[in-house]
Amino acid sequence: MVKLSEFVGEVVSELSAARQIADMASVQLSQTYHADSFLKEMPVPHYTIDEAEIAFPLSVVKMLSDNSENMEQEIIKAIKLKLPGILFQTFKDAYRERIQQELRKKQEEKQAKDNITANTDQTPTDDILVEVDEQLEKEYNKASNRISIRMEDKMKTYLSSSNLNIVKPLDVKDAFIDLLQKEYISEFSDYEKEQQPVADNKGLSALVQSVGTSIFFEFARAANDNCILVDPSTGKLSEYMSKDNMLTIKMKVREQDLDFVVTGEDENGNAKRFLSLS
């Protein structure tokens with residue numbers, strides 16, 4: 001069982017993958033032709049799918065339209081299943097970044113003093129690798145699970161009191177971030193300063209925004225669950241006694257090439273590019 005939109009998208013994606021395989025085969029052929037004294041005078045074979053017409057039968061399993069209840073379930077499910085992992089990784093990344101910044105600052109200060117002593121202007125900064133020790137990793141893992149459990153309860157309360165036919169995923173994200181910031185402060189209030197994932201409010205704001213952005217895609221997916229669920233397993237189609245729930249779709253896909261168009265340079269001197277139909 002799959003969304004109709006996902007199935008159609010995968011079909012188109014497979015056609016694109018077929019074009020890629022054909023292009024790679026042409027590249028390999030071109031190398032062979034170039035190395036042969038006779039073949040190199042001939043054009044390299046290259047085939048494209050100018051237009052493809054596909055027809056496939058599907059069984060309609062279910063149609064989802066009023067999804068407010070489903071949206072709430074999917075959001076809570078995402079928090080329960082995915083938030084602990086997102087938090088754990090974010091805590092470790094934030095800790096590494098904080099320690100790297102502190103070490104880099106000390107290194108730059110030392111290099112500046114050495115340059116003054118040596119009367120040079122060179123300020124090389126070595127790459128700094130930071131690892132989270134095993135005990136702190138365990139603490140972050142426990143903290144991630146505890147915060148996730150509390151966030152699940154808090155978001156259940158928020159969602160149950162909200163009109164999900166009106167509330168947008170961005171509204172849910174904003175509420176999530178506000179609650180997460182409070183839970184973070186509560187969880188890490190007893191940690192030593194050197195064990196904190198972030199050093200200040202600016203770092204905390206960046207951390208919760210990062211987590212909110214990661215989980216937002218799950219919220220958006222839940223909000224867009226108005227869909228037709230279909231079964232594309234053609235081997236099972238004979239099991240359906242009636243054709244009332246059968247759907248036959250015909251697709252005509254035309255190939256178009258995309259090229260990068262350069263429109264100038266940005267403030268850093270890099271080329272500004274965008275994809276455009278050729």
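User: Before we look at anything, what goes into a surface patch?

Analyst: A patch is made of residues with over 30% relative accessible area and no salt bridge, and nonpolar side chains are joined within 5 Å. Keep in mind that this is a predicted model. Here, Leu258, Phe260 and Leu275 make a nonpolar surface patch of about 330 Å².

User: Is Leu275 buried, partly exposed or exposed, and why?

Analyst: The idea is to check relative accessible area: buried means under 20%, exposed means over 50%, and partly exposed is in between. Leu275 has 48% relative accessibility, so it counts as partly exposed. You'll find Leu275 in strand 6, which covers residues 271-277.

User: Okay, let's zoom out. How many helices and strands does the protein have?

Analyst: There are five helices and six strands. Following the sequence, you read the pattern β-α-β-α-α-α-α-β-β-β-β. Of the 278 residues in the protein, buried ones make up 31%.

User: How do I check the length of a helix, say helix 1?

Analyst: Take 1.5 Å times one less than the number of residues. Helix 1 (residues 4-35) has 32 residues, so it should span 46 Å; its end C-alpha atoms are 48 Å apart, which agrees. Its buried residues include Leu4, Phe7 and Tyr33.

User: Which residue caps the N-terminal end of helix 3?

Analyst: For a cap, look for a side-chain atom by the backbone at the helix end. In this case the residue is Asp133: one of its side-chain oxygens lies 3.1 Å from the backbone nitrogen of Gln135.

User: Is Glu183 buried or exposed, and what does its side chain contact?

Analyst: Glu183 sits in helix 4 (residues 169-187). Its relative accessibility is 6%, so Glu183 counts as buried. As for contacts, a polar one is a pair of N or O atoms within 3.5 Å. The side chain of Glu183 makes one with the side chain of Lys154, at 2.7 Å.

User: Last one: in which sense do strand 1 and strand 3 pair?

Analyst: To call two strands paired, we want at least two bridges between them. Strand 1 (residues 2-3) and strand 3 pair in the antiparallel sense over two bridges. Lys3 stands opposite Leu229 in strand 3. Strand 3 (residues 227-231) is mostly covered, with four of its five residues buried.

Technical notes
Residues are numbered from 1 along each chain as its sequence is written. This is a predicted model: local features need pLDDT of at least 70, side-chain atom pairs count only at pLDDT 80 or more; totals for chains, interfaces and linings use all residues. Side-chain values use heavy atoms; hydrogens and water are left out. Patches are made of residues with over 30% relative accessible area and no salt bridge: like charges are joined within 9 Å, nonpolar side chains (Val, Leu, Ile, Met, Phe, Trp, Tyr) within 5 Å. Accessible areas come from the Shrake-Rupley method with a 1.4 Å probe; for residues, only the protein chains shown count as cover. A salt bridge is a side-chain nitrogen of Lys or Arg within 4 Å of a carboxyl oxygen of Asp or Glu. Buried means under 20% relative accessible area, exposed over 50%, partly exposed in between (1.4 Å probe, protein chains only). A polar contact is a pair of N or O atoms within 3.5 Å; within protein, one must be able to donate a hydrogen and the other to accept it, and residues adjacent in sequence count only if both atoms are side-chain atoms.
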